[in-house]
Amino acid sequence: MKSLEELKAIRDKMQGQVGLRAESEASLRVVVGMATCGIASGARPVLTALADAVAEKQIKDCSVTQTGCIGLCQYEPIVEVIQPGKDKVTYIKMTPEKALEVVEKHLIGGQVITEYTIGNQLK
């Protein structure tokens, strides 16, 4: 790699392979907390599982992104599902296996998996 243009070309190629829409265009957003506590708790494999599953299932109008600290370190890894006109759903203590379940049941099927949510843990 010898230039910024070359780096941009590699980035564009990889984004095209993943097949996810830009966050501003997507009506469904999946956000994974990737601060130090999230990464230490296993957020990276969760993010990878979500991104791969969304691309594989060709879920339209969906972006999988990362963010910094969500502020609930004891519940990491955290995944938030944000849809216009609906309450944000915060999934906690996620694993790659749970993430795949969220893709199937929530993103595709429209069913919130309440036993994985923060609201369920606070009862």
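**Sheet, helix packing and core**

In this predicted model, Tyr91 touches Pro77, Ile78, Val79, Val81, Val102, His106, Gln111, Val112, Ile113, Tyr116 and Thr117, leaving aside residues up to four places away in sequence. Tyr91 also belongs to the largest nonpolar core, which holds 26 residues. Together with Leu50, Val79 and Leu107, Tyr91 touches the most other members of that core. At least two core residues come from each of S1, H3, S2, S3, S4 and helix H4 (96-108). H3 gives the largest share, eight residues. In general, nonpolar side chains of soluble globular proteins tend to be buried together.

The sheet is open and has four strands. Their order is S2-S1-S3-S4, with mixed pairing. Strand S2 (62-67) and strand S4 (89-91) each have a single partner strand and stand at the edges, so one side of each is left without a neighbour in the sheet. On average, neighbouring strands are turned by 20° against each other, direction ignored. Strand S1 (residues 28-33) and strand S3 (residues 79-82) run antiparallel and are joined by four bridges. Within this part of the sheet, Val32 stands opposite Val79 in S3. Helix H3 (residues 43-56) packs on the sheet and touches S1, S2 and S3. The direction of H3 makes about 165° with that of S2.

Aromatic residues were examined next. The count of aromatic pairs comes to zero. A charge does sit over one ring: the charged end of Lys98 lies over that of Tyr116, 5.0 Å from its centre. Tyr116 is also one of the residues touched by Tyr91.

Methods: Residues numbered from 1 in each chain as written. Predicted model: local features only at pLDDT ≥ 70, side-chain atom pairs only at ≥ 80, totals over all residues. Heavy atoms only, no water. Pairing = 2+ DSSP bridges. Axes fitted to C-alpha atoms, helices over the stretch in contact; angles between N-to-C directions. Contact = heavy atoms within 4.5 Å. Phe/Tyr/Trp six-rings, centres within 6.5 Å; stacked < 30°, edge-to-face > 60°. Lys NZ or Arg CZ within 6 Å of the ring centre and 35° of its normal. Core = buried A, V, L, I, M, F, W, Y, C linked by side-chain atoms within 4.5 Å. Buried < 20%, exposed > 50% of the residue type's maximum accessible area, 1.4 Å probe, protein only.
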